[in-house]
Protein chains: 4
Amino acid sequence: MIAGIIGASGYGGAELVRLLSGHPEIDGLALSSVTFEGERIENIYPNFLGRVSYPLLKAEQVIAAAGVVFAALPHGVGEEYAAACMERNIHYIDLSADFRFGDDEETYSAWYGKRYRFPELHKRSVYGLPELNRRRIRELAEEGSVIIGNPGCYPTGGSLGAFAALAKGLASPDSPIIIDSVSGVTGGGREPSRSFHYPECADSVAPYKVASHRHTPEIARNIAAMAGKAGSPVIFTPHLAPMNRGILSTTYIPLAEKWRLTMPAAMGGVLPPSKEIEAKTAEIREIYADFYRDEPFVRILPAGLTAATNRVRQSNYCDISVHLDLNGSTLIIASAIDNMVKGAAGQAVQNMNILFGFNEKAGLEAIPALF
Amino acid sequence: MIAGIIGASGYGGAELVRLLSGHPEIDGLALSSVTFEGERIENIYPNFLGRVSYPLLKAEQVIAAAGVVFAALPHGVGEEYAAACMERNIHYIDLSADFRFGDDEETYSAWYGKRYRFPELHKRSVYGLPELNRRRIRELAEEGSVIIGNPGCYPTGGSLGAFAALAKGLASPDSPIIIDSVSGVTGGGREPSRSFHYPECADSVAPYKVASHRHTPEIARNIAAMAGKAGSPVIFTPHLAPMNRGILSTTYIPLAEKWRLTMPAAMGGVLPPSKEIEAKTAEIREIYADFYRDEPFVRILPAGLTAATNRVRQSNYCDISVHLDLNGSTLIIASAIDNMVKGAAGQAVQNMNILFGFNEKAGLEAIPALF
Amino acid sequence: MIAGIIGASGYGGAELVRLLSGHPEIDGLALSSVTFEGERIENIYPNFLGRVSYPLLKAEQVIAAAGVVFAALPHGVGEEYAAACMERNIHYIDLSADFRFGDDEETYSAWYGKRYRFPELHKRSVYGLPELNRRRIRELAEEGSVIIGNPGCYPTGGSLGAFAALAKGLASPDSPIIIDSVSGVTGGGREPSRSFHYPECADSVAPYKVASHRHTPEIARNIAAMAGKAGSPVIFTPHLAPMNRGILSTTYIPLAEKWRLTMPAAMGGVLPPSKEIEAKTAEIREIYADFYRDEPFVRILPAGLTAATNRVRQSNYCDISVHLDLNGSTLIIASAIDNMVKGAAGQAVQNMNILFGFNEKAGLEAIPALF
Amino acid sequence: MIAGIIGASGYGGAELVRLLSGHPEIDGLALSSVTFEGERIENIYPNFLGRVSYPLLKAEQVIAAAGVVFAALPHGVGEEYAAACMERNIHYIDLSADFRFGDDEETYSAWYGKRYRFPELHKRSVYGLPELNRRRIRELAEEGSVIIGNPGCYPTGGSLGAFAALAKGLASPDSPIIIDSVSGVTGGGREPSRSFHYPECADSVAPYKVASHRHTPEIARNIAAMAGKAGSPVIFTPHLAPMNRGILSTTYIPLAEKWRLTMPAAMGGVLPPSKEIEAKTAEIREIYADFYRDEPFVRILPAGLTAATNRVRQSNYCDISVHLDLNGSTLIIASAIDNMVKGAAGQAVQNMNILFGFNEKAGLEAIPALF
């Protein structure tokens, strides 16, 4: 099968090129780029020299040639390509936010400032977080061609950290869940700007778009979907750190009443680590391990280990470590992903694998690089 | 005056050497090191070549020569030097945790595994966070020689982020305050170890000592002190990021009932940014600005700016940006310090300035370096 | 076939684990470690969790179980394992310097301070730089079991940069060849030390072991071997840069008389870039491209591109860009490798592939990662 | 005195703001910026908040207000400001290349593609490398207002590494001097571009503009000036490394006949380190130390130390370490500067100090930061 990539010259597109070039079910690629049309991909990304060589075509040519189409475009420009793919009856996997909100156009337009051009198209779409919607993706694929709204990078790591607690009733239903995330700079894409200029972000950490990042409603929807009820408040704070790849999310989940420990009053408001905390943590870790047991790309870390972005580097894994605050009232989950793989291109490939009934791990077998 | 530094060969000690070498009230230094006794400081830190040249002596020699003594030692070994200084009637500024807990030996020993050798000594000590205890430091200095327990790096940045909200009644009294911090690697000190080995921490972010870091009770005490009541629960999660200097703390403070906004129910649990949120944020920012108006080293950032470690680099500033979550229920404070300056050596110099009645900014006038 | 790795817990060993785990001809691994004997490899390197799980055995057990043995040990301790492998009639691929000097014990002992324990063993050894010795490696493998002295990281990148010029008579025979190299920190191995402590090497570049690095005689031998004459003087300066992987070598090769351009006298000693220089550079680039045409892992970059370590990251490639100084007298070659792959474990796998007649690229097909 | 800075919003200008704000002879600043005219400098660089606050004016206003003018502009636009300053009879210190070539318009236009607009102006200019031209700067200042062509960053570090050898006759007159330099990314300025986009330069090292960088003729002129003869060939290769500040130059200087050691033939072309080499190195190090004895900002490192950019960070020092290749024929000099200080703004301040007869170290007393 030929895989098409619309927008192949951005970072997400180029990472798709890399992953799909090694995919056992993909025989070739068709690539497009508005900016670099007519050039070859290895001239834009010389790391591909001698390995991957395709001309950059028009999007229409890609759609005409491909058996599946990925789009790695800015928000708001991909609907017509999705429509064309549906017409050609091929799956369309969109890495932008355009198809992440299904028929909830209201939320999409409130946050992205655009209306749907083809509202009916969104009924054929599904939010492509396999750990949430794998069954739905398969069902839709059986019915015909599907549009995948591939999740954002932050929502992937943050949601996976919270899902088990939500599904298993650990989380207090009303208290806000806080997701504090730190991302590498590739998340900002290939276009140079002051924010991602080397001297401005090297050797420094800072939050950005506090209480205003567009991934917030996406996370909130995931949490509501897994909790089985709408309206769970979510607070999300992204940070930028001087690294290339990776997102580390620390998620604070207030425990439901019955899961809280009753601790003695503490000097200064906090007790030293205790056996009781350790035992309860182990119990919850086991619940997490159970919940994700059949997931090929979620690893619940054993006691003593803490999630770190350099242990999932270049891989499609989400590593999760489970912790409990010293007063026994709040679950603390650390989750790590490679923002370019599980947070973007890898998850898109995983979705393709599910849509086509391939081995879900096909093309995603890379062992995390040591450094 | 001669300033003495016991433990001058560690990072904290060497940063003291650098700052005190440019201090207008300090005429010379007396330095000690157990590991490097007999060598000269510029051989350990060649950046000092041609600028700072002192032999590394014994601690006793330092105490004998100095008009004020700083100790940058591991926890649990400095009490006898403090005793010697009190006997000589000179101030002793301790950068370890040994004198941060005053007469609360119970908390100290629960977290640090050691008992006080000279309990009565701790009655002459004061926790040296000027924004909390400046008056007390001055009062004690008028009475005689003082022991300063210089604050930990995380407690400095985190506490300053929370203080105004606590003092002004913004914070809900019962809900836990969450402090999520990201530190540079110098915080781990000069001794090589796997955790701080370049290839293990470059290009990666990870939390560590989740729900077990020793700075937690120190933060809890500060929050209780400022809130005027004990027992406020605190959750603290430190992370390591690939940078040399700096701590960025993101602090989540649930608002007291009367400060909360009543927002309409949100699709997916979260509303887009609104004028209402913006106005309330501005109101709280003003409260923060008022609260810290006379503090020489706290800068409340104007709207549109977010605290970042590279804006306080090499300086004694704590930068604070004020934000409000989208549901109007939780205050989000970002605070940034240079962990080696305001988080350690700079704050120690600030304490010396207060003790001696020097200009509080003396020796700490460096403008933050651009990069 | 089972591949054995003696010294699997160091960085070189662990990178071998990663590469061999994906090798199509390798069915399993047998690993040893003195330090971590009895533990499992995924506990030492948690990036392997759920993917690679082997206990760390004794070296003897590894040799007994394996069909080929890799040794990633410090210098001077591997000879007895090599002897054991020869006795068992299996190939032994040594990543240390112990078998890089063949029967030239004099040079080895002058630089490494040790004598050969089993001198006769070194007659069965071959220096494993395939671009120099591929034929010899194959010939020896036909005769029986072979000891490979896997090249050092610097000699690999530096020698490949110079080889074509030497083989094709471009280089002046008497003038020194200067190799100025910049390495990532993983080259220093897993053991923590001040030199590789994050705060000491972050945000800084420095040379080290100037005119004294042990890779110098190895480079000199390679250059002599390719030039077909001993005694070509070599100057080698290694530098450390704040990155994890990669070596960038800039090699200055004075041109032989007939290759030099005769340029007009220049104002200030240097002329602006000219068509003449460009044309001569293109001619020499073509010679390089010809020379390496059949090499699977050497890429001669087209005009306009310069070798960079981030274009060979995680791959076995050596990228080479060809330049000419403005006076037309000195060839300037930039060559980039991943020090852990082509500079260590990848090249060892390449040697195994040659020894066994596997596809030389087997297990080494990774496309360089974008970041 | 008021110091004016034309082009204050770029990195060089902002670093001037920082340094001049702490200069004991400067009472205030007048700043201009075309891009940000009307804004305040602390809004462009929030690290200045609460410390430095000036509006960004027009260049003409700056010239009218100032007692000395610095220009941190792109090449080719500053001549008219220089003319205006000469008319007003105030010194003009230009950080661009426009006044580095004196009356050698031919070289300037060959490399920078522009002709002088006011050729006669260049007769009042002097190349502002104090270690080369201090006396000339003073002499000109006695005659009237002076235009300083402040040196480029690479020429500063590279030239200082070579000067002693040239002046003292150590260098072979005909062989090319090779300068291989590694720079931090701030050298590329504040304007975002792909080359300085974080993900493209993090964790990677590469050369750029090989045999074509505009600093080459500037270096060649310095070398010729110090050697007392034109035409010494120079080869210069700049590299980019993932750090913010700093340039490390490794300079290879073939020794004049009488300075060469006669070494025995070496196995493989290279001998191990020897006492003979060590003694000769010490002798040459002493010559370097003598040569720079009165220079306030050049430090010749003692044996055992190697120049490193993190030892001169934030300071105006140039650190130099002296080495000799193993065959005794080539001097290897490592020199380190902070590219923003001694390589740009600091040197400009040093030139101002010389012009006005201030203490040459005024405003440049910062001790290099440990990290």
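Domain bounds here come from an automatic or database domain assignment. This is a predicted model, in which local features need pLDDT of at least 70, side-chain atom pairs count only at pLDDT 80 or more, and totals for chains, interfaces and linings use all residues. Residues are numbered from 1 along each chain as its sequence is written, while chains are lettered from A and ligands numbered from 1 in the order in which they are written.

**View 1. Two domains of chain A and the contact between them.**
To the contact, domain 1 of chain A brings 17 residues and domain 2 of chain A brings 25 residues; two residues are in contact if their C-beta atoms, placed from the backbone, lie within 7 Å. On the domain 1 side, helix H5 (105-112), helix H6 (130-143) and helix H11 (341-356) of chain A each supply at least two residues. Helices (H or I, at least four residues) and strands (E, at least two) are DSSP runs, numbered from the N terminus. The largest share of that side, six residues, belongs to H11(A). Sorted by class, the domain 1 side has eight nonpolar, six polar and three charged residues. For these classes, Ala, Val, Leu, Ile, Met, Phe, Trp, Tyr, Cys and Pro count as nonpolar, Asp, Glu, Lys and Arg as charged, and the others, Gly among them, as polar.

**View 2. Chain A meets chain B.**
Chain A is superposed on chain B by a rotation of 180° with 0.0 Å of shift along its axis (RMSD 0.0 Å). This is the relation of a two-fold axis. The same surface serves both copies, as 100% of the contact residues of chain A recur in chain B. Superposition is by least squares on the C-alpha atoms of residues with pLDDT of at least 70 in both copies. Each partner is well represented here: the contact takes 63 residues from chain A and 63 residues from chain B. Elements of chain A that each supply at least two residues include H5, helix H9 (215-227), strand E8 (177-183) and strand E11 (247-254). H9(A) provides the largest share of the chain A side, six residues. That side divides into 37 nonpolar, 20 polar and six charged residues.

**View 3. The open parallel sheet of chain C.**
Follow seven strands across this sheet in the order E3-E2-E1-E4-E5-E7-E6, with parallel pairing; two strands pair if DSSP finds at least two bridges between them. Strand E3 (56-57) and strand E6 (125-127) of chain C stand at the edges, each with a single partner strand, so one side of each is left without a neighbour in the sheet. Further in, strand E1 (residues 2-6) and strand E4 (residues 68-71) of chain C pair in the parallel sense over four bridges, and C:Ile6 stands opposite C:Ala71 in E4(C). Helix H1 (residues 11-21) of chain C packs on the sheet, touching E1, strand E2 (28-32) and E4 of chain C, and its direction makes about 165° with that of E1(C). Helix H11 (residues 341-356) of chain C also packs on the sheet, touching E4, strand E5 (91-94) and strand E7 (147-149) of chain C, at about 160° to the direction of E5(C). Axes are lines fitted to C-alpha atoms, for helices over the stretch in contact, and angles run from 0 to 180 degrees between N-to-C directions.

**View 4. Strand E1 of chain A and its neighbour E2(A).**
Four of the five residues of strand E1 (residues 2-6) of chain A are buried, so the strand is largely enclosed by the rest of the structure. A residue is buried if 20 or more other C-beta atoms lie within 10 Å of its own, exposed if 12 or fewer, and partly exposed in between, with C-beta atoms placed from the backbone. E1(A) pairs in the parallel sense with strand E2 (residues 28-32) of chain A over five bridges. Look for A:Gly4, whose bridge partner in E2(A) is A:Ala30.

**View 5. Two loop glycines, B:Gly228 and D:Gly246.**
B:Gly228 sits in the loop between helix H9 (215-227) and strand E10 (234-240) of chain B and counts as exposed, with 11 C-beta neighbours inside 10 Å. D:Gly246 lies in the loop between E10 and E11 of chain D and is buried, with 31 other C-beta atoms within 10 Å. Among the residues that D:Gly246 touches, not counting residues up to four places away in sequence, are C:Ser204, C:Val205, D:Thr309 and D:Arg313.
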